[in-house]
Amino acid sequence: MRITKFKSVLYTLLLCIVLTLSGCFKKQSAGDESDTEINPTAQTGEAASPTTATTAENAAPSKVNVNLYLEISNGMKGFMPSATAGKEATTFQNNLNKLLSEVQDGRYVANKGFYLAKEDAKSRPVLDSVSYNTIKSYIVSGIKDDVRGTPLPAMLQAALQNSINQEAVSIIISDFIHGPDPRDQGQFISLDSDIRSSLREAEHQGLAIAILANTSEFFGTYHPAVKTPELRRTLNGVEIPYYIWVIGKQQDVQLVTNKVLRNLPLQQAYFGFEYESVPFSALLKEKAFKPAGIVYCSSRNADPCTSVNLQPGKNEPVEFTLGLDLRLLPASMQSVDYLKRNLKVTGNGSRPALVSVTAADESIKATPDLAKYSHFVRVQVPQLTANSGSISVQLPQVSPNWIKTWSTDNDNNPVAAPKQTYKFSKIADGVQALYRDQSDYVFNATTQFIKAD
Amino acid sequence: MIQQFFSGLYEFVLGRPMPANFTNDYREVVFPNTGLMLFIISLAMVLVYYYVLNRMMSTGLYKPRHWVIFLVLNAIIAFIIPIAQVNGNEIETHSYTYMFAFVNVVYSLILFFVFSLLLKRGSVQAWTTPMKWPNKK
């Protein structure tokens with residue numbers, strides 16, 4: 001009798017415990033929900049500004065107007081030898097054909113204009129508006145006109161002004177061998193400032209410039225800028241540089257380089273490119289990027305996490321990974337090698353150092369939380385010098401190395417010194433000078449930190 | 001406030017949460033939840049033992065060994081809850097997790113004992129369980 005009573009009491013007791021426990025777990029999940037309900041308001045406040053900023057950059061146009069300018073001085077003839085059966089087309093002819101057809105028939109181009117750039121008898125630039133078929137026949141069967149020189153700054157200015165009036169992106173194709181009036185050789189000295197003056201409208205209008213350099217076999221008469229010892233040389237298949245300049249609004253230039261030009265050469269230079277903000281986050285709970293030392297996100301559920309608490313120990317530096325989405329940057333800036341060479345990590349109140357830069361691999365792309373980031377930067381913080389501050393990952397505006405190697409002070413003998421253009425670095429200096437007063441960084445991703453208690 | 005109290009209670013013994021990247025999860029969720037449940041469940045167990053079983057129902061479970069059974073039961077619950085909390089919040093398991101569970105068990109023993117001392121005088125059959133002190137009659 002007593003035992004049965006004991007048993008029944010025990011059962012009711014167990015039941016009670018089970019009920020209390022299950023109640024407890026419900027309570028916990030309810031607590032969780034209220035947490036997540038409270039936090040997002042704070043997060044969205046933080047997240048809102050970068051998102052809106054990026055959408056402005058993100059809002060890449062689906063179509064752009066394009067004006068294509070082909071310089072047709074005598075120096076360009078060698079790139080476009082007239083076609084004969086059994087003779088291979090030059091790289092220039094192949095690439096330009098593709099480009100022309102992409103501009104003419106591609107889905108990313110709205111209004112298009114084709115221009116032949118030359119000079120008149122008084123060395124003034126002339127832009128001849130021509131049809132697609134006309135410009136194509138120039139590419140495939142050669143230049144019939146006799147155009148002596150290329151007044152480079154004046155030509156750039158005329159082309160730019162024309163495109164600005166028509167709200168179009170300029171694509172300018174030339175060998176960029178400056179050929180001023182023979183009576184005015186002093187222009188060589190002031191080439192950088194002349195280029196700057198000619199393009200100042202681009203800077204005023206907030207336009208960016210992409211320079212793409214390639215080489216092509218050259219058949220025919222080569223006119224060097226330096227006229228001694230040879231005034232001209234006949235070349236038979238030597239590689240000579242030619243350049244494609246794209247000038248327009250940053251996102252339009254991006255569209256043209258990525259969707260219209262497509263296969264870009266290795267030599268790329270970008271001027272006036274700037275990103276107000278790139279999406280980024282400190283990745284502290286991802287299994288793929290485990291942090292080291294005492295570091296945690298200041299807000300428990302923040303996504304993206306842009307503020308961290310950390311406390312480096314004497315023998316235990318803090319190390320963590322930042323995920324960045326750099327997919328909107330120009331192609332060459334997205335290469336891991338480029339980023340490794342140029343990315344800077346600076347701190348305010350801390351002494352951070354860059355550990356490594358990696359691009360997203362397939363397994364990361366398959367992870368939903370990580371798929372939105374294209375690059376991962378590991379940062380080490382060995383010590384703090386203040387209780388709060390910031391850690392910035394920055395990409396400085398740098399002039400690419402190839403510009404120096406592609407530039408020469410004497411282009412008289414391209415056989416001995418191939419792939420070089422007369423004073424090209426001076427031309428690039430002029431372009432660089434345009435944007436001198438802009439931000440020093442292509443982008444700047446700043447994480448706030450406070451010392452952990 | 002409550003968060004800080006419970007974080008302080010556990011971190012006083014355990015040190016800062018490990019792995020450190022889950023510090024906020026421990027401080028904002030796991031510590032307060034576990035601590036609150038520890039208080040509530042311990043109190044409930046004591047109330048059930050002294051007032052339900054040994055006053056309203058008169059079950060005869062007034063011997064010290066019955067009290068010990070409840071003490072152990074409470075300790076087991078106190079061991080399970082922290083681990084469930086850590087797993088439920090998708091926190092990486094670490095030796096810290098089990099140290100935390102162990103510390104919670106110790107706290108549960110202390111709390112159960114303290115609540116017993118405070119509340120046993122209201123019981124009819126078990127007012128001397130586990131011992132007579134401090135009640136006098």
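Biologist: What does the accessible surface of chain B come to, and what share belongs to carbon and sulfur atoms?

Modeller: The accessible surface of chain B is about 6,500 Å². Carbon and sulfur atoms hold 71% of that surface. Keep in mind that the model is predicted.

Biologist: Which elements make up chain B?

Modeller: Chain B has four helices and zero strands. Read from the N terminus, the order is α-α-α-α. Of the 137 residues in chain B, 53% are buried. Among the contacts in chain B with a separation of 6 or more, 70% are between residues 24 or more positions apart.

Biologist: How many aromatic pairs are there, and why is the pair of Tyr49(B) and Tyr50(B) called edge-to-face?

Modeller: The whole structure has 28 aromatic pairs over all chains. For Tyr49(B) and Tyr50(B), the ring centres are 4.9 Å apart and the planes stand at 90°. Rings pair if their centres lie within 6.5 Å, and planes over 60 degrees apart count as edge-to-face. The values 4.9 Å and 90° meet both conditions, so the pair is edge-to-face.

Biologist: What makes the pair of Tyr49(B) and Phe70(B) tilted?

Modeller: The centres of Tyr49(B) and Phe70(B) are 5.3 Å apart, and the angle between their planes is 55°. Stacked needs an angle under 30 degrees and edge-to-face one over 60, so an angle of 55° counts as tilted. This pair links distant parts of the chain: Tyr49(B) is in helix 2 (residues 23-56) of chain B and Phe70(B) in helix 3 (residues 64-88) of chain B, 21 residues apart.

Biologist: How do you know that Tyr49(B) and Phe70(B) are buried?

Modeller: Buried means under 20% relative accessible area. Tyr49(B) has 0%, so Tyr49(B) is buried. Phe70(B) has 4%, so Phe70(B) is buried.

Biologist: Which aromatic residues of chain A are linked into a cluster?

Modeller: Ring pairs link Phe176(A), Tyr243(A), Trp245(A), Trp402(A), Trp406(A) and Phe424(A).

Biologist: Why is the contact of Asp25(B) and Arg300(A) called a salt bridge?

Modeller: Side chains of opposite charge can pair when their charged atoms come close. The cut-off is 4 Å from a side-chain nitrogen of Lys or Arg to a carboxyl oxygen of Asp or Glu. In this case the N to O distance is 3.9 Å, so the pair of Asp25(B) and Arg300(A) counts as a salt bridge. The count of salt bridges over all chains is 14.

Biologist: Where do Asp25(B) and Arg300(A) lie?

Modeller: Asp25(B) is in helix 2 of chain B, and Arg300(A) is in the loop between strand 9 (294-297) and strand 10 (307-311) of chain A, so the pair joins two chains. With a relative accessible area of 5%, Asp25(B) is buried. Arg300(A), at 9%, is buried too.

Biologist: What makes Glu319(A) and Arg378(A) a link between separate parts of the sequence?

Modeller: The side chains of Glu319(A) and Arg378(A) form a salt bridge of 2.9 Å, N to O. Glu319(A) lies in strand 11 (residues 318-324) of chain A and Arg378(A) in strand 14 (residues 375-381) of chain A, so the pair ties together parts 59 residues apart in sequence. Glu319(A) has 18% relative accessibility, which is under the 20% limit, so Glu319(A) counts as buried. Arg378(A) is buried at 16%.

Biologist: How many residues apart are Lys365(A) and Glu362(A)?

Modeller: Lys365(A) and Glu362(A) are three residues apart in helix 9 (residues 362-365) of chain A, so about one helical turn separates them. Their side chains meet in a salt bridge of 3.8 Å, N to O. Glu362(A) has a relative accessible area of 60%; exposed means over 50%, so Glu362(A) is exposed.

Biologist: Which residues are joined into one network by salt bridges that share partners?

Modeller: The network consists of Lys285(A), Arg300(A), Asp25(B) and Glu28(B).

Biologist: Why are strand 8 and strand 13 of chain A called edge strands?

Modeller: They belong to an open sheet of four strands with the order 8-11-14-13 (chain A) and antiparallel pairing. Strand 8 (280-283) and strand 13 (353-359) each pair on one side only. From one strand to the next, the twist averages 25°.

Note on methods
Residues are numbered from 1 along each chain as its sequence is written. Chains are lettered from A and ligands numbered from 1 in the order in which they are written. This is a predicted model: local features need pLDDT of at least 70, side-chain atom pairs count only at pLDDT 80 or more; totals for chains, interfaces and linings use all residues. Side-chain values use heavy atoms; hydrogens and water are left out. Buried means under 20% relative accessible area, exposed over 50%, partly exposed in between (1.4 Å probe, protein chains only). Contact means heavy atoms within 4.5 Å. Accessible areas come from the Shrake-Rupley method with a 1.4 Å probe; for residues, only the protein chains shown count as cover. Rings of Phe, Tyr and Trp (its six-membered ring) pair if their centres lie within 6.5 Å; planes under 30 degrees apart count as stacked, over 60 as edge-to-face and the rest as tilted. Two strands pair if DSSP finds at least two bridges between them. Axes are lines fitted to C-alpha atoms, for helices over the stretch in contact, and angles run from 0 to 180 degrees between N-to-C directions.
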